[in-house]
Protein chains: 2
Amino acid sequence: MFVGRPLHSDRMEGTLLPKRVALAVFCSDPISSVAYATEQILLVLAAGGLAALATAPWVALAVILLLVTVVASYRQTCYAYPNGGGAYVVSRENLGEAASLAAAAALLVDYVMTVAVSVTSGVVAVTSAIPALSPHAVIIAVGLILLLTVANLRGTRESGRVFAVPTYAFVGLTLLMFVWAGVQAFTGGLPEAVTAADPLPQPGQLTSLALLILVVRAFASGCTALTGVEAISNGVPSFERPKARNAATTLAMMGVIAVVLFGGITVLAVALHAQALPDGNPSVISQIAAAVFGGSSVVFYLFQAATAAILILAANTAFNGFPGLASILARDSYLPRQLHNRGDRLVFSNGVVLLAAAAAALIIGFDANIDRLIQLYIVGVFTSFTLSQFGMVKHWQTLLRRQRDPAVAQTEVAGIGGGSRRSMRRAQTINAIGAVFTAVVLVVVFATKVTHGAWIAVAAMIVLFLTMRAINRYYTRVTIEVAADDEELQTLPSRVHALVLVSRLHRPAMQALALARGMRPDGISAVTLAVDADETHLLRQEWESRGVPVQLTMLEAPYRDPIRPLINYVKDLRRANPRTVIMVFIPEYVVTHWWQQLLHNQSALRFKARLLFTPGVVVVSVPYHLGVGEEGWMGRRRREVEPETETM
Amino acid sequence: MFVGRPLHSDRMEGTLLPKRVALAVFCSDPISSVAYATEQILLVLAAGGLAALATAPWVALAVILLLVTVVASYRQTCYAYPNGGGAYVVSRENLGEAASLAAAAALLVDYVMTVAVSVTSGVVAVTSAIPALSPHAVIIAVGLILLLTVANLRGTRESGRVFAVPTYAFVGLTLLMFVWAGVQAFTGGLPEAVTAADPLPQPGQLTSLALLILVVRAFASGCTALTGVEAISNGVPSFERPKARNAATTLAMMGVIAVVLFGGITVLAVALHAQALPDGNPSVISQIAAAVFGGSSVVFYLFQAATAAILILAANTAFNGFPGLASILARDSYLPRQLHNRGDRLVFSNGVVLLAAAAAALIIGFDANIDRLIQLYIVGVFTSFTLSQFGMVKHWQTLLRRQRDPAVAQTEVAGIGGGSRRSMRRAQTINAIGAVFTAVVLVVVFATKVTHGAWIAVAAMIVLFLTMRAINRYYTRVTIEVAADDEELQTLPSRVHALVLVSRLHRPAMQALALARGMRPDGISAVTLAVDADETHLLRQEWESRGVPVQLTMLEAPYRDPIRPLINYVKDLRRANPRTVIMVFIPEYVVTHWWQQLLHNQSALRFKARLLFTPGVVVVSVPYHLGVGEEGWMGRRRREVEPETETM
């Protein structure tokens with residue numbers, strides 16, 4: 001009802017994205033992270049007083065350098081993996097199973113964190129504008145996740161269209177804010193942020209080491225600006241053709257936008273003396289907007305709305321990424337098969353629901369506190385960055401080695417990710433720089449954040465890693481076990497015994513009996529369970545007097561549990577002939593109204609459930625459709641003795 | 001775990017009761033009602049002041065007369081219906097379906113009320129002794145019902161033994177109280193009840209009519225003393241032989257005990273000036289005991305314990321009666337079949353649970369207020385009394401008429417409930433008096449109580465009446481619909497088409513295919529649902545290259561819902577050959593641990609659920625047992641071309 005009508009698989013092609021839409025769908029995450037990245041830097045540096053705060057622009061510059069490196073690095077991945085080169089795929093092909101599972105675990109955790117952090121931060125944008133809503137942050141956040149879930153169960157194309165407007169509105173309004181502030185600066189009237197006059201900590205004289213540690217921690221926090229950069233490399237197949245080039249171009253566009261916005265906001269924050277508050281309310285970016293536009297102006301509220309919108313939609317990156325990755329992992333037998341199937345609306349429904357549930361749980365657990373949630377975020381991101389970049393280095397290495405081999409040089413030269421040796425060397429160099437940078441940052445982030453909550457993310461990654469390996473081993477075992485050899489493809493069951501459960505001499509039972517006899521089994525028995533002595537007696541009398549052509553077997557049920565005697569009977573049959581397949585025919589009423597079900601014994605269900613676990617037994621449900629007259633009785637009219645030629 | 005090991009049906013005979021145990025099992029209800037009957041009389045009369053209270057002994061005498069009449073009347077039933085002559089059975093045989101259903105509805109409501117009122121009253125006995133427990137009355141009452149439920153799920157015999165002690169303790173201690181009070185009276189030291197000095201209402205001069213109305217209402221309330229008298233006539237088959245005589249004797253014993261206790265308590269209440277309190281706390285009987293024995297003496301606490309115990313166990317009468325009656329009604333197709341089956345422990349488990357749930361709901365709904373609950377009680381009781389007695393009058397009439405018919409006189413003379421014409425006439429007279437008395441009381445009770453809550457009981461009875469009739473019509477319709485004619489007993493299905501669902505070329509699928517082929521159906525198709533294009537392609541290739549001897553049909557699933565294309569395919573098959581039975585073979589994994597189930601698609605379940613409602617389709621579940629090696633694959637070793645003679 002909420003998710004729309006089923007979509008035809010052919011419409012898969014129709015959901016391909018043009019660059020301008022793809023930018024909104026895949027880049028809302030990295031672009032929107034400028035809404036909190038600056039704040040995270042200031043929050044850490046504030047502890048060191050004015051001296052430390054003065055380093056903020058330099059810290060931001062380091063983050064920008066890292067961002068440029070990583071963007072450049074991922075552009076290579078877009079070309080090398082036009083079918084989608086997520087960290088998992090790249091690690092799997094180049095670094096082996098363990099690395100790929102580590103990357104996958106990191107990415108899965110990362111996606112959940114993206115939803116949790118982005119949605120929470122979006123709610124902060126709302127509560128910064130309307131403080132009265134602050135106490136309801138958790139409910140609003142969970143409500144938004146629900147909304148995102150429903151939207152995503154509908155499919156990508158419609159999401160894309162919905163998401164373009166807020167992304168461009170946010171970028172446009174932020175640029176407008178820069179221009180406006182520039183004008184104010186030139187006219188000498190640059191305003192102050194509302195927190196500018198708040199007292200700063202006075203930690204006395206900082207040692208160089210203490211300052212360095214603060215700066216490094218601030219840098220680690222600022223790296224939140226990089227989250228989501230990898231989304232495009234994952235989503236190359238969703239781009240319009242030429243996919244790889246379009247994706248790389250979009251990635252570059254995204255990089256430029258992110259650098260400009262992040263740099264500008266940091267400069268403004270310093271210029272306006274905005275301070276980060278521990279509960280994040282009002283946020284630094286909203287303080288800037290309020291100061292520049294005026295705290296009660298329409299533009300300010302528009303800006304906050306756009307911030308909230310892009311942040312909430314940033315979560316959508318994960319709603320694109322998580323289910324897709326889960327589906328690939330399921331296909332590769334690392335996650336349950338159910339995650340591999342697309343739903344009615346062409347999206348991986350199970351993955352969407354799983355992601356939403358995990359993110360909502362996190363938000364509730366952390367009481368929608370952005371500063372505590374964000375601590376869990378970056379470890380996963382940089383784990384996958386690092387593995388992905390190292391994988392790419394190996395990838396180029398392999399290609400270069402192959403090209404040197406004269407035997408394959410001919411066929412490979414125009415191959416995947418090919419090009420001249422020189423361009424390949426260049427790409428490898430870029431990736432190598434990216435790999436080293438991100439590896440260093442990973443160590444820094446881990447060291448500075450593990451005690452601040454990041455251990456939860458690390459633990460989740462380890463659990464996921466082990467679970468995926470266990471699942472894979474299970475599937476492998478099953479696959480080996482169920483592999484059919486050529487002989488088995490031709491075998492027939494050695495002997496089939498039909499067993500028909502009968503309670504009364506009525507049409508449902510007779511129908512089951514007719515089907516069983518029609519099969520011409522090697523043995524047949526009609527079995528009744530003598531729970532009520534009177535009824536059983538009556539049945540036997542009628543059975544004999546009316547000459548039913550099958551012998552009736554009565555099973556004593558002295559404990560009135562009809563199932564155990566049946567199971568024992570079946571086991572005895574099997575013991576006597578171990579290779580016999582026993583087909584148990586169970587007549588069942590099928591009713592048209594649910595309340596009618598209450599008026600029939602549910603014993604058929606119980607029989608079926610128990611017999612399923614009895615080896616060598618096949619259960620045949622023979623439904624009798626009540627209330628549809630002659631239709632309810634199937635397969636009539638052929639007399640046993642004299643087959644009518646008229647029927648088929 | 002809590003209800004003990006299953007009991008063998010042969011032990012049915014072993015649960016027969018000797019008189020002294022039967023008295024405890026069946027008569028705790030009528031005997032225990034003396035604990036509240038006097039109080040109900042006083043409660044009504046108190047409104048009329050002293051003048052009205054003075055009539056209490058006369059009201060009690062009227063109740064006693066009625067009690068004696070009803071006991072005498074029911075003794076006749078014991079002899080006439082040695083197989084159990086509840087109001088339902090008697091009405092059904094003599095007054096027809098409508099009357100019997102009215103009686104049944106009244107009895108069912110009555111049983112629920114017995115549990116609710118007795119347990120609540122038992123809790124009052126506890127809180128009268130330990131006032132601190134008053135606020136927890138509801139929880140205690142519900143807990144006691146749970147206890148009774150578990151005890152009754154274990155079976156009658158053990159209940160009987162448990163119940164003898166408190167019944168006899170209550171009777172003995174009450175008699176001791178009478179003796180003690182007599183001694184005190186003789187020594188001139190008869191104490192006063194704790195409420196003796198409480199102010200009485202001073203309604204001024206009562207008109208004769210107002211006094212009459214009060215007296216009649218008091219009588220109606222006092223009739224609670226009669227509740228449960230019918231239990232023995234229902235339970236005749238549970239008595240040791242000679243069943244009828246033992247039952248009649250027990251009934252008489254019960255009558256004597258009830259009359260003595262009820263009379264004595266009323267006399268003492270008047271002598272000690274005990275007043276009934278609107279919330280029933282402390283109860284009149286506890287006030288008497290406290291006055292006579294001393295409110296902090298050990299004997300007082302013993303007495304309260306015995307009162308509580310017999311009241312709680314009185315509820316057990318209903319736990320014997322309700323499930324039994326429900327079972328008979330289910331056998332006669334007036335209630336769902338499930339109520340007809342005895343459980344593992346020889347008791348009608350479903351009825352026990354149903355009764356407990358209804359009573360607990362009432363107690364919670366009425367906040368364990370005994371005076372409000374009791375208003376719902378007596379309408380049902382006297383409805384069944386009246387119908388039962390009128391039925392007995394008719395019964396004797398029929399017997400007498402038959403005896404006059406010379407053709408049957410010879411065979412009937414020593415028949416059921418026979419005896420001399422004179423004794424039959426005597427029995428008829430007794431029953432007639434009983435019938436008239438109870439009918440008058442029914443009118444009185446209805447008139448005085450319907451606005452005080454009895455309408456709920458009346459409404460419940462009407463709903464039950466209509467529901468039972470509707471259920472009966474449904475079953476009758478089904479029975480007619482499913483009756484098999486002689487031709488059908490011999491027919492075979494006209495044409496069987498086997499359809500095997502295949503997802504991969506593995507042993508579970510091959511096993512299903514082997515079974516289907518072994519059946520030699522008129523048509524066979526292996527069907528796969530093309531949800532994933534790659535997988536489908538691989539399957540087709542392998543299928544052809546390995547030469548599976550059945551054609552593979554691919555069903556397009558453009559909306560990725562695999563069920564709809566299958567249903568359509570099946571419907572098309574049926575349309576082409578409307579008389580074809582389609583057997584759908586579904587390979588299923590059966591796993592050994594629940595978590596493994598999560599790793600397999602649950603599509604088999606969904607297929608089965610949907611196909612059950614598709615006419616003309618029979619579902620065959622072919623389980624493949626994982627993790628048991630060669631055992632998992634059944635029916636191997638017989639080659640198609642060359643059957644081995646070695647097998648079987």
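Me: In which helix of chain A does A:Ile213 lie?
Reply: This is a predicted model: local features need pLDDT of at least 70, side-chain atom pairs count only at pLDDT 80 or more, totals for chains, interfaces and linings use all residues, and side-chain values use heavy atoms, without hydrogens and water. Residues are numbered from 1 along each chain as its sequence is written; chains are lettered from A and ligands numbered from 1 in the order in which they are written. Helices (H or I, at least four residues) and strands (E, at least two) are DSSP runs, numbered from the N terminus. A:Ile213 lies within residues 208-222 of chain A, which is helix H9.

Me: Is A:Ile213 buried, partly exposed or exposed?
Reply: Buried means under 20% relative accessible area, exposed over 50%, and partly exposed in between (1.4 Å probe, protein chains only). A:Ile213 has a relative accessible area of 47%, so it counts as partly exposed.

Me: What accessible area does the nonpolar patch of A:Leu209, A:Leu212, A:Ile213 and A:Val216 have together?
Reply: Patches take residues with over 30% relative accessible area and no salt bridge; like charges are joined within 9 Å, nonpolar side chains (Val, Leu, Ile, Met, Phe, Trp, Tyr) within 5 Å. Areas come from the Shrake-Rupley method with a 1.4 Å probe, and for residues only the protein chains shown count as cover. On the surface, the four side chains together come to about 360 Å².

Me: How far apart are the end C-alpha atoms of helix H2 of chain A?
Reply: The expected span is 1.5 Å times one less than the number of residues. For the 13 residues of H2 (34-46), that should be 18 Å. The model agrees, with the ends apart by 19 Å.

Me: How many of the 13 residues of H2(A) are buried?
Reply: Among the buried residues are A:Tyr36, A:Glu39, A:Gln40 and A:Leu45. H2(A) is largely enclosed by the rest of the structure, because the buried count is 12 of the 13.

Me: Which residue of E4(A) is the bridge partner of A:His497?
Reply: Two strands pair if DSSP finds at least two bridges between them. Strand E1 (residues 495-501) of chain A and E4(A) run parallel, joined by 6 bridges. In E4(A), A:His497 is partnered by A:Ile582.

Me: How many bridges join E4(A) to strand E5 of chain A?
Reply: E4 (residues 580-590) is mostly covered, with 11 of its 11 residues buried. A:Val584 in E4(A) has A:Val619 of E5(A) as its bridge partner. E4(A) and E5 (617-625) run parallel, and the number of bridges is 9.

Me: Which residue lies 25 residues from B:Pro521 in sequence and 5.5 Å away in space, C-alpha to C-alpha?
Reply: B:Pro521 sits in the loop between helix H21 (507-518) and strand E2 (523-530) of chain B. Contact means heavy atoms within 4.5 Å. Beyond four places in sequence, B:Pro521 is in contact with B:Ala498 and B:Ala516, among others. The residue at 5.5 Å is B:Val496.

Me: Which residue forms a salt bridge with B:Arg540?
Reply: A salt bridge is a side-chain nitrogen of Lys or Arg within 4 Å of a carboxyl oxygen of Asp or Glu. The closest N and O atoms are 3.8 Å apart, and the partner of B:Arg540 is B:Glu544.

Me: What is the relative accessibility of A:Asp332?
Reply: A:Asp332 forms a salt bridge with A:Arg331 at 3.1 Å. A:Arg331 is partly exposed at 48%. A:Asp332 counts as buried, because its value is 17%.
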